[in-house]
Amino acid sequence: MIQIQQASKTYDRGRSFAVQGVDLEVGAGELLVLLGDSGCGKTTLLKMINRLVEPSRGRILVEDRDVSRVNPVALRRGIGYVFQGVGLFPHMTVAENVAVVPRLLNWEPAACRDRVDELLHLTGLSPRTHRDRKPDELSGGQRQRVGLARALAARPRIMLMDEPFGALDPITRDGLQREFKRLQQTLNLTVVMVTHDMTEALLLADRIAVMKQGVLMGTGTPRQILRNPSHPYIAALMETPRRQADQVESMLRSGGEGQ
Amino acid sequence: MTESALADQLRLLPDYLGHHLTLTLVALSSGIAVCLPLAILVTRVKSLQWPVLTVASVAQTIPGLALLALMVPLLGRIGFLPAFIALLLYSMLPILRNTVTGILGVAPDILEAAEGLGMTSRQRLFRVELPLAAPVIIAGIRTATVWVVGSATLSTPVGATSLGNYIFSGLQTQNSTAVLVGCGAAAVLAIVLDQLIRLGELAVAGRSRTKGWLAGAGLLVILFSTLILQIPTAKGSAAVVVGAKPFTEQYVLAEAISQRLTQAGLRVENRSSMGSMILFDALTAGHVDCYVDYSGTIWANVMKRKDLPPRADLLEQMKAWLQREHQVRVLGTLGFENNYGLAVPRRKAEALKLASIRDLTGHAPQMTIGADFEFFVRPEWAALREAYRLDFRERRTFDPSLMYAAAREGVVDVISAYTTDGRIIEYDLSVLADPLQALPPYDAVLVLSPAAARRAELVRALEVFDGIIDDGTMRAANKRVDVDGESPAQSARFLLKAVGLSSPPDATEGADS
């Protein structure tokens, strides 16, 4: 579905690289998580897929077409995007935000309206109470849901997500993550998601790609990454969730003995 | 302030307000039409930002009156065009700066979202940037509106009728009713326009139909009334344009001329409170048809002559020169002289034994001299200083209407008085003799533009003025305005009657003043 071939990005004519020589494939219906510290180049790599960032070298194929040959506006309208910090338009209502891309694609007004209600249902919002609200009248979790609905509006087969659950409290985040995973499987979406949250990556991903200083350190399923890390950096990175899980588990066990 | 004085002023309101509205609305809408695209361009091409905003800022720092006056020589015209261009420049800074600030203030993550969702840069502008910047842009437009309505009152001296006609002529003739009506009308107009724009903004932001209709209806009423008010001046093209400089005698004479022309069945437009040189240039260019000037003024300021032939020679040479160089016709001398003269309070003159300017030479270093805006830069002043070796301690410039009171109250010791001014007697001032004849004679002359000189009916209506007004009559007419509080129109009727000419019935008097 998405093929990244030797993609590099430099902002200073090759003295340093934000992304360097990355090869990566994402299969249809796969949820790939790009994992790494802030500044590791994962967001830059994500933005190359819909040409928000143009690669300095290498090429990217989406559905077997070289994106550099595709009109960027048409490309972006065909790919869902959930932005870091959501980026809802503050002057538009929830319904108008969700209908942005269908309107850009000149859908009939009636079709737009139906699609908005359908998506609000799908993302767990009530069309009647939320449709006409402005973003600043929503909670963080509700805004995130609208952002998701907006990305899904024109029925894209590919979704790019930049820290989509970043600014939420743990309980809201957990709920949304699970709902999204279910949605992704139902709609058979191909997803590339950027995060620095190891636990989120392990719980959501079909496959994880770890990046460090612009370089791809390795890829694998969550199980592979956790059990047989291909690189010491990945092993070190997994140390935190592993230790946390052990602690929680031992607490559960000792609590059980106490009863 | 009596009721009839107010009614007198209000009769002029439709004409002044109509011109003021036209000027304001045209300047503002052009300002918006120019500035919005320019501001958008500036946000796209960052290197333009500094030069464009700097030029707009510089235009803003020029005082309004100076900017308007500058437009006259730059465009070579008086009237609507220079006023319009100056006001357009004046409206630019707030609209430009607020639009640029508003667009650049849109959060980067919102812009990225717009781009990432597949908006073209045009769609991003119209669907995201402009709607989000709208409150700031509209605030800029509202600022510009208030500024332009206020500054438009300054377009009177460049020959564009506005509510400023009330203010300028009211200040000169010490008619506080006129000044108050002018200021009040401008303030009300500014508030109404500002609130209409605000209402329109609220209607759009709150998606309120009612407010939208209200704002739309208000705007329509204003546009419609502007058209209605403009209709009387829009018909025909042969109106006679009568000019006047900014002091009482000129207003009275312009009124008298207008009344005679009206009676002869001609349509008259007035351009009052214009500077000397602006008025002369406007006459030669044909933008003004006639006005009263003074021989000495033309001799020294236009012809740049330094010699002083006898009074009659000077007149003859001036007539010939005006005809030859500018095809300007001197229809005749009115009969009186309005000389520049140095005046001091009589008590001071007696105490210091001052009879002529020569007696002033020794006292000058301890004295302050007051004069009108023009005097100290006119060649007559240089000639006077040189001839009598005058070296005053301090010079102060005044509005002509305030100069006499300044002398009476001792704010200044000497003033450059106009010898026909009624306040010389009223305030007990004495005019010092000029034994060296440093100052030229200032015979009042009626001058016609080349086009006006060819209009027989106009010449016929005005040639009756030749030699009929003596110094005393003119002084009495001036005093009626400056001291007794009559309007220039009333005083003009007195003047015409005093010299045996008839004036039109009261209803039409001053319709255009």
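Mentor: First, a definition: a pocket is an open set of grid points with protein on both sides within 12 Å along at least five of seven lines, and its lining residues have an atom within 4 Å of a point. Keep in mind that this model is predicted.

Trainee: What makes a residue part of the lining of the largest pocket, and how many residues line it?
Mentor: An atom within 4 Å of a pocket point is what counts. By that rule 34 residues line the largest pocket, with B:Pro246, B:Gly275, B:Ser276, B:Phe373 and B:Glu374 nearest its centre. The volume of this pocket is about 860 Å³, and H8(B) gives the largest share of its lining, four residues.

Trainee: Why is the pair A:Lys47 and B:Glu112 called a salt bridge?
Mentor: The rule asks for a side-chain nitrogen of Lys or Arg within 4 Å of a carboxyl oxygen of Asp or Glu. Here the closest N and O atoms are 2.5 Å apart, so the pair of A:Lys47 and B:Glu112 qualifies. Across the interface of chain B and chain A, two salt bridges are found.

Trainee: Which helix gives the most to the side of chain B that touches chain A?
Mentor: That is H6(B), with seven residues.

Trainee: How do you know how big the interface is?
Mentor: Interface size is often given as the accessible area lost when the parts come together. Between chain B and chain A, about 1,700 Å² is buried, 62% of it from carbon and sulfur atoms. The contact involves 21 residues from chain A and 17 residues from chain B.

Terms used: Residues numbered from 1 in each chain as written. Chains lettered and ligands numbered in written order. Predicted model: local features only at pLDDT ≥ 70, side-chain atom pairs only at ≥ 80, totals over all residues. Heavy atoms only, no water. Contact = heavy atoms within 4.5 Å. Buried area = accessible area lost by both parts, 1.4 Å probe. Helix = DSSP H or I, 4+ residues; strand = E, 2+ residues; numbered from the N terminus. 1 Å grid on protein atoms, 1.4 Å probe; cavity = no way out; pocket = protein on both sides within 12 Å on 5 of 7 lines; lining within 4 Å. Points joined across faces, edges and corners; volume = space filled by probe spheres on them.
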